[in-house]
Structures are given as structure tokens and as C-alpha cells.
Amino acid sequence: MRRTYRFALLAVAALATLAFASSAFASFAPKLVVSSTGAAGGAVRLGVVVSNADDPTAKVQIYIPAGYQVATPAAGTKLGTVTATASAADLGGAILPLTGELDAIPPNAAAAAQCGVAPAQTWDLHLTAAGQTLDIPLYVVASSAPEVAAGFPTKLVVCLPPPDVPVGTPGRATFGAKLLTAQFDASAITNPAASGDFRWTSLWTPYNPGKGTPNAAGTVETQALSHIPTQLTQTVAKKRLVSYRTVRRNGKKVRVKVIRTQVKFSSKVTANGVAPSSASISTTANGKRVGGASGSFILARSKSATVTATALVNHGASVPTGQTATAADLFYTDLGAAACTKTTIFGGLPCVDATVGGQTLKATARVVGYTR
């Protein structure tokens with residue numbers, strides 16, 4: 001396995017801050033995040049987070065629920081953008097930011113066999129970091145019969161090299177790099193056409209620390225919820241206001257009619273028809289804030305305004321990228337282990353966390369004031 005290839009594989013597993021550690025499963029408590037554009041047919045965004053204090057990840061299997069569509073793009077097709085972070089032990093534990101894109105690539109049977117899969121497709125997280133190009137295979141695999149029966153016809157599989165074995169050990173991760181976070185867009189995976197509450201799940205197998213061997217007994221389940229559709233609806237109404245004022249013209253007092261427009265607005269967010277776990281709404285008129293989810297403002301005669309409602313849905317935290325967080329990052333609300341529903345076919349494995357993906361939604365209306 002090439003040096004850069006081994007390092008790149010790290011970039012798909014894991015998580016970035018000690019604050020993400022679970023008290024019940026402190027040695028291995030990953031998170032899965034799934035979001036989208038919120039509408040039927042919208043593309044999916046995926047994220048993973050593992051604490052730097054957790055054991056290294058050997059293998060990740062992400063199960064896509066029935067109803068989602070998985071396309072078969074031609075090799076060379078760009079599927080989305082990727083950001084990730086990794087902690088490099090050989091560089092004093094420095095956190096390396098990685099950026100790049102997700103691409104469809106030709107199959108590599110030998111590499112897939114090392115991961116124990118026979119994929120239907122191979123995608124590649126093509127990244128750059130520290131002046132190097134890094135390529136991480138992401139295998140699209142048809143699920144087994146029991147997995148299909150459980151509602152998961154397709155899964156994404158990634159295998160990672162051990163970062164914590166002695167320097168010089170064959171197969172050791174380049175720089176002793178341990179991936180902490182990754183988020184990527186996947187245009188080839190699109191939302192179900194039908195409304196519903198969809199539960200993604202994943203299996204994470206760690207390494208035995210310092211040994212470079214998978215710790216099958218340490219495998220855990222972690223989940224991500226997606227409510228479709230998640231929508232922002234906006235109502236804007238206007239009312240004609242008439243008042244009079246007295247002005248002096250040519251030395252005489254004149255009564256003048258004043259026409260203004262009162263604009264009332266209200267907005268709300270629904271996630272599959274109900275209120276989401278967390279949402280905040282702000283409203284602007286021509287870029288100036290005029291209120292929250294509801295309110296009103298006055299337009300002068302013949303003036304116009306573009307009324308924009310912006311909803312931040314489930315923005316409790318963002319998947320770290322190694323840079324200052326921006327509105328484009330993948331946000332989520334952490335629901336904790338209590339929100340897990342253990343998947344029966346996994347034989348009682350502990351489910352350590354569940355999240356619900358965040359979104360930024362906008363709705364816009366243009367209002368023209370009364371002229372008479």
C-alpha cells in the first residue's frame with residue numbers, strides 16, 4: 001500500500017474534540033451525522049466524528065436506509081466536496097486540515113479485498129494535506145440478506161490503517177495519523193421521494209490500542225436521524241396605512257395624505273410535519289434585520305422590500321474542519337445514547353450515540369408598497 005494512500009485512508013473515520021467523548025464508552029464513542037437539502041430528491045451530506053482520546057478506528061460501515069436512492073456515476077464523476085482533520089503523532093500531535101472532493105473511480109479488487117468487501121462501486125475521497133495528495137477508498141457495497149431485511153439495502157465501507165503501532169511497522173499509518181473528522185457531500189445519494197423519519201446506522205470497529213489488530217469485541221453502533229422533508233414556510237402580508245399631516249406651502253397650511261405600507265411576516269419550520277429538535281429563525285428586509293420568526297415593519301410610499309427568513313435547524317454543533325466554523329459546515333444536534341434504537345441484527349451491540357443533522361433554510365418574498 002502506497003505511503004500517501006495509507007495516510008489518506010485515515011481521513012474518513014473520525015472525530016475532533018475531547019468534548020465528544022462518551023462517559024459510558026470513553027474508549028470508543030464515534031458520531032455519525034447525516035444531513036441534506038431537506039427536500040425530496042435532495043443530495044445527502046455525511047459526517048463522522050471521533051474523539052482524539054478514542055481508540056483508533058479499524059473499520060466503518062455506514063448503512064443507508066431503504067428509500068434513499070444511490071446512483072451509479074461514471075468513473076471520473078465528481079460527487080461533492082470533502083473536508084477532514086487528522087492528528088499526526090509523528091508531527092507532535094498536530095491537527096492537519098484536509099480538503100478535496102469525492103469522486104467516482106474505477107474498481108480496485110485487490111484493495112477492496114484487503115477491506116473484506118466486494119463493492120458494487122468505488123468512490124474516492126481525494127484530499128490534499130501538507131503538500132501531499134491523499135486518496136481514501138469509500139466502498140459502496142450491497143448489503144447481506146439480513147441487512148436488507150432490516151431495511152438497509154446498501155452500505156458504505158471504509159477500512160483504516162493503525163496509527164499507533166511502532167514506527168516502521170508494515171501497514172502503519174503515515175505520520176502516525178489518526179483521523180478525527182470528515183464531512184462530505186454525496187450527490188450520488190439522494191433523499192427518498194416519500195416523507196418520513198429515517199434512521200441511518202453504522203458499525204464502528206476499533207483497533208486494539210498499540211497492537212494494530214481489530215478489536216471486534218469493541219464494535220459499537222452509532223446512528224443519525226433525518227426527517228424528510230424539513231421545510232421553512234413563510235407568510236408575508238401587507239396592509240395599506242393612511243394618515244394625514246399638515247405642512248406649510250406658499251405660506252399656507254395644507255393637509256397632506258401620507259400613504260405607507262405595513263408588512264407583517266411569520267415563518268415556521270417543520271421536520272416531517274412536526275417541530276424539529278432545535279430551530280431559530282431571523283427575518284431581514286433588504287438585508288436589515290426586522291425580527292425573528294414573526295413581526296412587522298413599515299414601508300414608505302412606493303418603496304419595496306425583499307423579505308428573507310433564515311432558519312438554523314439543529315445547529316447545536318458542527319463537524320470540525322480544522323478551520324473557524326462557517327455557515328457552510330455540517331451542523332447537527334447531539335441526541336446522545338438515549339435516542340438510539342438498537343438494530344436487532346447487530347446482536348445487542350451497544351449503541352453509543354445518535355444525532356440529527358442540521359440545515360440552513362431560506363424563504364424569500366418581495367413586497368411592493370402601496371402608492372395610493
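Author: Start at strand 9, where Thr154 has Ala142 standing opposite. The model is predicted. Ala142 belongs to the pairing of strand 8 (residues 132-142) with strand 9, which is antiparallel and runs over four bridges. Strand 9 has another partner. Strand 3 (residues 57-64) pairs with strand 9, also in the antiparallel sense, over six bridges.

Now the side chains of strand 9. In a regular strand, side chains alternate between the two faces of the sheet. Here Thr154, Leu156 and Val158 point one way. Lys155, Val157 and Cys159 point the other way. Is either set open to the outside, or are they buried? They are all buried. Six of the six residues in strand 9 are buried, so the strand counts as mostly covered. That includes Lys155, despite its lysine side chain being listed with the buried set.

Follow Leu156 first. Leu156 belongs to the largest nonpolar core, which has 42 residues. Leu156 is one of five residues that touch the most other members, along with Leu102, Trp123, Ile189 and Trp200. Strand 10 (residues 177-190) gives the most to this core, with six residues.

Leaving aside residues up to four places away in sequence, Leu102 touches Thr77, Lys78, Leu79, Gly80 and Val82, among others. Its contacts also include Trp123, Asp124, Leu125 and Leu138. Phe184, Asp185 and Ala186 complete the set.

Next, follow Cys159. A disulfide joins Cys159 to Cys115, with the sulfurs 2.0 Å apart. The torsion about this S-S bond is about 80°, which makes the link right-handed. The pair spans 44 residues: Cys115 sits in the loop between helix 2 (109-114) and strand 7 (121-129), while Cys159 is in strand 9 (residues 154-159). Cys115 is buried at 5% relative accessibility. Cys159 has a relative accessible area of 19%. The cut-off for buried is under 20%, so Cys159 counts as buried too.

How many disulfides does the structure hold? It holds two. The other one joins Cys340 to Cys351, S to S 2.4 Å. Its torsion is -70° about the S-S bond, and the link is left-handed. Cys340 is in the loop between strand 20 and strand 21, Cys351 is in strand 21, and the two are 11 residues apart. Cys340 and Cys351 are both buried. Counting bonded cysteines along the chain, the pattern is 1-2, 3-4.

The whole structure has six salt bridges. One is between Lys31 and Asp334, with the closest N and O atoms 2.6 Å apart. Lys31 is in strand 1 (residues 31-36) and Asp334 is in strand 20 (residues 331-334), so this pair ties together parts 303 residues apart in sequence. Lys31 is buried, at 4% relative accessibility. Asp334 is partly exposed, at 36%.

Asp353 meets Lys31 in a salt bridge at 3.3 Å, N to O. Asp353 lies in strand 21 (residues 351-357), so this bridge ties strand 1 to a part 322 residues away in sequence. Asp353 and Lys31 are both buried.

Arg45 pairs with Asp185, the closest N and O atoms being 2.9 Å apart. Arg45 is in strand 2 (residues 43-49) and Asp185 is in strand 10, 140 residues apart. Arg45 is partly exposed at 22% relative accessibility. Asp185 is partly exposed as well, at 23%. As for shared partners, Lys31, Asp334 and Asp353 are joined into one network.

To sum up strand 9: it pairs with strand 8 and with strand 3.

How values were computed
Residues numbered from 1 in each chain as written. Predicted model: local features only at pLDDT ≥ 70, side-chain atom pairs only at ≥ 80, totals over all residues. Heavy atoms only, no water. Core = buried A, V, L, I, M, F, W, Y, C linked by side-chain atoms within 4.5 Å. Buried < 20%, exposed > 50% of the residue type's maximum accessible area, 1.4 Å probe, protein only. Contact = heavy atoms within 4.5 Å. Salt bridge = Lys/Arg side-chain N within 4 Å of Asp/Glu carboxyl O. Disulfide = S-S within 2.5 Å. Pairing = 2+ DSSP bridges.
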